[in-house]
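Trainee: I would like a close look at one part of this model. Please take me through it in a single pass, with the cut-offs as you go.

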Amino acid sequence: MAKDDMTKISFRINAEEKEALMKFAEENDLTVSQIIRRAVKLFLEQNNNE
């Protein structure tokens with residue numbers, strides 16, 4: 001996917017969830033953005049078949 005095809009989205013989570021997400025990212029050598037993109041893709045794939 002070309003960078004020009006991408007857009008931004010923002011949302012709020014509580015501080016505890018943010019810390020857990022950041023810890024997971026660091027432990028798995030990922031960025032938070034990578035984790036969120038993967039989670040959204042997985043969610044859409046799983047719910048597209050319904």
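**A helix pair, residue by residue**

Mentor: Leu-44 sits in helix 2, which covers residues 32–48. Helices here are DSSP runs (H or I, at least four residues; strands are E, at least two), numbered from the N terminus. This is a predicted model, in which local features need pLDDT of at least 70, side-chain atom pairs count only at pLDDT 80 or more, and totals for chains, interfaces and linings use all residues. Residues are numbered from 1 along each chain as its sequence is written, and side-chain values use heavy atoms, with hydrogens and water left out.

Stay with Leu-44 for a moment. Its relative accessibility is 52%, so Leu-44 counts as exposed. The classes are buried (under 20% relative accessible area), exposed (over 50%) and partly exposed in between, with a 1.4 Å probe and protein chains only.

Now the helix pair. The axes of helix 1 and helix 2 come within 9 Å and cross at roughly 100°. Helix 1 is therefore roughly perpendicular to helix 2. That label covers 65 to 115 degrees; under 35 is roughly parallel, over 145 roughly antiparallel, and the rest oblique. The axes are lines fitted to C-alpha atoms, for helices over the stretch in contact, and angles run from 0 to 180 degrees between N-to-C directions.

Which residues meet there? From helix 1 come Leu-21, Met-22, Phe-24 and Ala-25; from helix 2, Val-32, Ile-35 and Ile-36. Contact means heavy atoms within 4.5 Å.

Take Ala-25, in helix 1. Ala-25 is buried, at 3% relative accessible area. Beyond four places in sequence, Ala-25 touches Leu-30, Thr-31, Val-32 and Ile-35. Ala-25 and Ile-35 are 10 residues apart along the chain, with 7.2 Å between their C-alpha atoms.

Ile-35 belongs to helix 2. At 14% relative accessibility, Ile-35 is buried. Leaving out residues up to four places away, Ile-35 touches Leu-21, Phe-24, Ala-25 and Leu-30. Now look from Ile-35 to Glu-45: 10 residues apart in sequence, 15 Å apart in space, C-alpha to C-alpha.

Leu-21 is in helix 1. Leu-21 is partly exposed, at 21%. Its contacts beyond four places in sequence are Ile-13, Val-32, Ile-35 and Ile-36. Leu-21 and Ile-35 are 14 residues apart in sequence, and their C-alpha atoms are 8.4 Å apart.

What joins Glu-27 and Lys-23? Their side chains meet in a salt bridge, at 3.9 Å from N to O. The criterion is a side-chain nitrogen of Lys or Arg within 4 Å of a carboxyl oxygen of Asp or Glu. Side chains of opposite charge can pair when their charged atoms come close. Glu-27 and Lys-23 are 4 residues apart in helix 1 (residues 15–27), so about one helical turn separates them. Glu-27 is exposed, at 56%. Lys-23 is exposed too, at 52%. The structure holds 1 salt bridge.

Last, the connection. Asp-29 lies in the loop between helix 1 and helix 2. Asp-29 is not a glycine, yet it has a positive phi of about 50°. Asp-29 is exposed, with 73% relative accessible area.
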